[in-house]
Every structure is written in structure tokens, then in C-alpha cells.
Amino acid sequence: MPYKINFAQDRLEKEPAPVTGRRCIWDAKTPGLCLYITANGARTLCHVKMARTAAGKWQTQRTKLGRLNQISIADARARAAGLTAQITAGVDPAKERRDSERAAKAQKPFEEAFALYLADRRAKGKRTVDEMERKGELYLSSFKGRPVNEITFEDVRDLHAKIAAGVTFEGKQYGGKGAANRVVELLSAVFNHARRRADNPCAGIELFDETKRRRFLKPDELPAFMTAVKAEPPTLRDFFLMALWTGQRRANVQAMRWDEIDEAAGTWTIKAAKFKTNRDHTVPLPPEAIGILAERRELNATRETPSEYVFPSHRSIGKGKSPHLTEPKTAWRRILKQAKLSDLRVHDLRHTLASWMVAGGAALSTIGKSLGHTQVQTTARYAHVQLDPVREAMAAATAAMAAASEAQATPAKATKPAKPKRQK
């Protein structure tokens, strides 16, 4: 039977808390008014009542009125009686409250809604928040100062087309069809977060067709590329080589930590919070990668304060500064210029490893596992067995690339033309 008493402030404060879970006490005077007491002693006054939904089903409607020390019993009873009357009349107080909250959020300026979305993503440990913030700077300045609910389908459609044609920011050109599509996807997420799911202005925007990149380093490009990479300072040189030898995403290589490396097993485990699929990903390290790590560990030991990162930042750590290497755009441009390469991104080093594995005869399932495209569930007992074929395929590919990069075209020795014989 429900435990009912006449609610009084001092009496409710003396009621014992449960050992686990929560305890519910009902007011004998006001229907639907109750007090929840949790195991840690929190005491919350609520209104609870069964009501029919629009579909005709019964459901429990629970409304929090306030903590016991924040609202008087008289006020709680008055609010509970009002809620009971609304529900009896067929009104859904919870829905009205949600609608009111959505309306308030829709009145926020776009930049405030955008900032709230980024804060939520950052709190959840999402890896791409900085990239989203950059997109906002480049492409969304025209929405600043406008209430969220005043941004229309036509506004988003026009912005989509404008970005595809290219925009100028700080004297540089940005944009393209891929960038336009990513911005619409970002906007849709922002509007959804602002509780405008019913009238999201991005709904119905037809995204541009995109051709997936297939760029990778070819055999005749590798020697010049390797020469340029090896001319870089040690940290940058080792970073680019590690990205090539492991085939992992740039952000993961930049943030590689020593506690993720198992030297005995020869593996690198990228934790779920840092990996795109939100699952741990174990990378078997080929010999070239292990050699780089051995040298970097020795170098790290000579630092006055050893870093927890394999590729620490050389800049002073402060507000907005990263403790590890961030995207080395200047060094990458320098490498491409020296190697006389174009249309190559750091991410294409990932494609390069996969392409060379294919050329070496590796199965697609093996390649997918090495790059983290799929996650095969298995027990820890057989983990090393499952990684062996992946390790062998990666080792064969990296050895082939290393050999190709060292190969130098040896010019053939010129032969002297034979002297004509003298006529006797």
C-alpha cells in the first residue's frame, strides 16, 4: 500500500532515506502530490498522475515541483491541484512545458544556439568540435544576430549554393560541393538541438553529389615524398611517417599517447572516446612504426618533463594551446612543394596504406580491420591470433613502401663510341 501522511515541512525532513533506490511518500490531502527521497538524502516534491495520450494509451505524467527546501508545502499543493485540473481537462502540462521551452530556444540568436550545440558536443567528448567551430567562422556569419526560428528553408538553400560556388574568408578561397553538404548537415544538427525538429529549415535541401577521393601515393611519387618528409624536423617527420605506416586518422596520430602503446604486443589501442566509431580500436604496429616509437621514447626520456604524448607540442601550454601536435599545415605544404606533388592531403596517407595492402593481395576484410572500418567482436583470448594476419599485411605494405622510397634511379654508364679504324 502507498505510504500516505499529511505533509508538513518538519515531518518530511525527518523521514528516513532508503538504503538504495528511492522512497515515495504521498500527501494524504492533495491527490498526486508526493515526495521522493533518494539514497543520498535528496528530497524532491513531485506531481504524479495517470493520463491518456493522444493515441488513447494510459501513461504516467510526472512533474518536478522543486526540492523540499526550495518550495513550501502550501505552494506545492496549489501547483499539484492545478496540474490535476489540467490533466483532467485533457491538457498535457508536460507537452505544454516542452513547447514553451522550444519556443524560448527558437527565439535565441543563431550564434547562441550554435554555441550551446558546440558546448553539448564538447561535453560529450566529440572529436570534431573544433572543426565545427571553424565551419561556423567560415560559412555561418550571415546568420549571426538572427533568431533561430526566423532562418528559413530558402536561407539554407541559398547558403548551400553559395558555399558550393566558393566563399572568400580573410583573403582566401574556401568552399565546394563537399563543404556545402557538410555545412547543411551541421546546421540541421544545430536546429535539432534547438528543439526545432518539426520545422527544421534544412529539411528538403538536396545535397550535391560527391565523388569520393581515391588519391594515394604511387610508386613513382614515394621517393620524392620520403625525401621531403625526412628533411623535416624530427617530430614532424615522425608524425607523417607514423600516419603513413599505421593508416590511422590524422587526429588520432596527433593525439597518440604512450599509455596507448603496448610494446610487448606491438599494438596501439585508440580509446573509444577518441575513435570515430566510439569503440576501442587496436592497431597492430608494423616494424617501421615500432622503430619510430623506440626512437621517440628515448627522446622523450631526455626531456626535462617527459610528455604523455608521442608527438608533444613545442609551443607553450596555455589557454587554447594543445599539449600535443596540431594539424601541421605549413610543414605539409612545404613537403608537397619540395616533392612536387599536388592534390594530396594528410588523410591520403591513410588511403595510401590501404592501396598498397590491396596491391599486396590483402583481403578487404583485413584492410577494413586495419583501418578500423569494422569491429569484429572476439574474446581477449584470441585477440593476438586475429591481429596476426592484419599485422603481416600491414608489415608487407610498409616494407614495400619503404623499399620503393629508398630506390633511386641509377643512371646507366655512358659508353664511349668506338673510334674509327685508320685506313692503311
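**Charged pairs**

Modeller: Arg 157 is partly exposed, at 41% relative accessibility. That label has cut-offs: buried is under 20% relative accessible area, exposed is over 50%, and partly exposed lies in between (1.4 Å probe, protein chains only). Asp 158 also counts as partly exposed, at 46%. The side chains of Arg 157 and Asp 158 form a salt bridge, 3.6 Å from N to O. A salt bridge here needs a side-chain nitrogen of Lys or Arg within 4 Å of a carboxyl oxygen of Asp or Glu.

A word on the source. This is a predicted model: local features need pLDDT of at least 70, side-chain atom pairs count only at pLDDT 80 or more, and totals for chains, interfaces and linings use all residues. Residues are numbered from 1 along each chain as its sequence is written, and side-chain values use heavy atoms, without hydrogens and water.

Next, take Glu 137. Glu 137 pairs with Arg 134 in a salt bridge, with the closest N and O atoms 3.3 Å apart. Both residues sit in helix α5 (residues 129-139). They are 3 residues apart, about one turn of the helix. A helix is a DSSP run of H or I, at least four residues, numbered from the N terminus. Glu 137 is partly exposed at 43%, and Arg 134 is partly exposed at 32%.

Now Lys 108. The Lys 108 side chain meets that of Glu 112 in a salt bridge, 3.3 Å from N to O. Lys 108 is partly exposed at 23%. Glu 112 is partly exposed at 36%. By this rule, the count comes to 18 salt bridges.

Technical notes: Helix = DSSP H or I, 4+ residues; strand = E, 2+ residues; numbered from the N terminus.
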